[in-house]
Amino acid sequence: MQLNQSLFMLGGRSGYVLQPDMMRDDLFDPFDKGSLKHVEPITVQLQILGARHLPKNGRSIVCPFVEVEVCGSEFDNSKNKTDVVADNGLNPLWLLKQFIFDINNPQFAFLRFVVYEEDMFSDPNFLAQATFPVESLKTGYRSVPLKNSYSEDLELASLLLHVEIINAKEEDEENLYSSIQQLRDRANELSNQVSNLEHSNNCDSRYQQRLDELRLAQEQLMELTEARNRKLMEKKKRDRQLANRRN
């Protein structure tokens, strides 16, 4: 329901929302990013700065954290979360946490924020959420009003974000993005092969070889992703310093 209501925000919550043009292509396959035509991949750099007036369960003071999720095509789905802020539901701050999401099919993707509290047993309890189509995102500092699980407004509750959207290919000076995508595809392929061998109880030398290749691909993917994220954050920092000097 949250995704459906978010989708109809594109039309001002009235009328129809047309299918993307690519869905009317006979060759389109939602599980194959190679079938995407005339769709530019994007990279979303997101920093959650803080929140205010978070709801609480009962009388206790909440210890909130925020989970950020990309919901869309299978190859774009990803999830990450902030650290837990102890005993502060009024104005918690997260100043050092930045998320970077590569989205190959932005026309299919939603960005979902879910605020949880961590209880005394370290279990997450839902507090609030907000969901937006990726195509509707605007860059800059944004105040995001929060809603309950039924998508009803929560008075005064909001998140403060900084959003930056870049063309993934244009910023790929060292081909890091292309290498990461190739490694992700290879890791997914190896993961499927390992899973098939496990289900067939065929744990011979081929299984061990594929498992070793999968581990190596995952390690290389992690290294390249961290290197690219560092470069993007350094570029963002330089751009801010340059803007401050001009002002």
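Residues 1-24 are 25% helix and 0% strand, with 24 Å between the end C-alpha atoms. Helices (H or I, at least four residues) and strands (E, at least two) are DSSP runs, numbered from the N terminus. The UniProt record, an unreviewed entry, annotates residues 1-24 as "domain: PI-PLC Y-box". UniProt positions follow the numbering used here, feature names are shortened, and annotations may be inferred rather than shown by experiment.

This is a predicted model: local features need pLDDT of at least 70, side-chain atom pairs count only at pLDDT 80 or more, and totals for chains, interfaces and linings use all residues. Residues are numbered from 1 along each chain as its sequence is written, and side-chain values use heavy atoms, leaving out hydrogens and water.

Now the division into domains. Domain 1 spans 1-167 and domain 2 spans 176-245; the bounds come from an automatic or database domain assignment. Their centres, taken over C-alpha atoms, are 23 Å apart. Domain 1 puts 13 residues into the contact, and domain 2 puts in 10 residues. Contact means heavy atoms within 4.5 Å. About 1000 Å² is buried between the two domains, and carbon and sulfur atoms give 40% of that area. Buried area is the accessible area (1.4 Å probe) that two parts lose on being put together, summed over both. On the domain 1 side, K33, I100 and D102 supply 42% of the area buried against domain 2, more than any other three residues.

Next, the interior. A nonpolar core is a set of buried Ala, Val, Leu, Ile, Met, Phe, Trp, Tyr and Cys residues joined through side-chain atoms within 4.5 Å. Buried means under 20% relative accessible area, exposed over 50%, partly exposed in between (1.4 Å probe, protein chains only). The largest core has 31 residues; L46, V68, F113 and L159 touch the most other members. Strands that each supply at least two of its residues include β1 (42-52), β5 (110-118) and β8 (153-167). The largest share, 5 residues, comes from β1. Beyond its neighbours within four places in sequence, V68 has contacts that include L46, I48, F99, F101, L111 and F113. A second, separate core holds 11 residues, among them L183, L190, L197 and A217.

Finally, S151. This serine sits in the loop between β7 and β8. S151 counts as buried because its relative accessible area is 14%. Not counting residues up to four places away in sequence, S151 touches Q2, Q5 and Q129. Its side chain makes a polar contact with the side chain of Q5, at 3.3 Å. A polar contact is a pair of N or O atoms within 3.5 Å; within protein, one must be able to donate a hydrogen and the other to accept it, and residues adjacent in sequence count only if both atoms are side-chain atoms.
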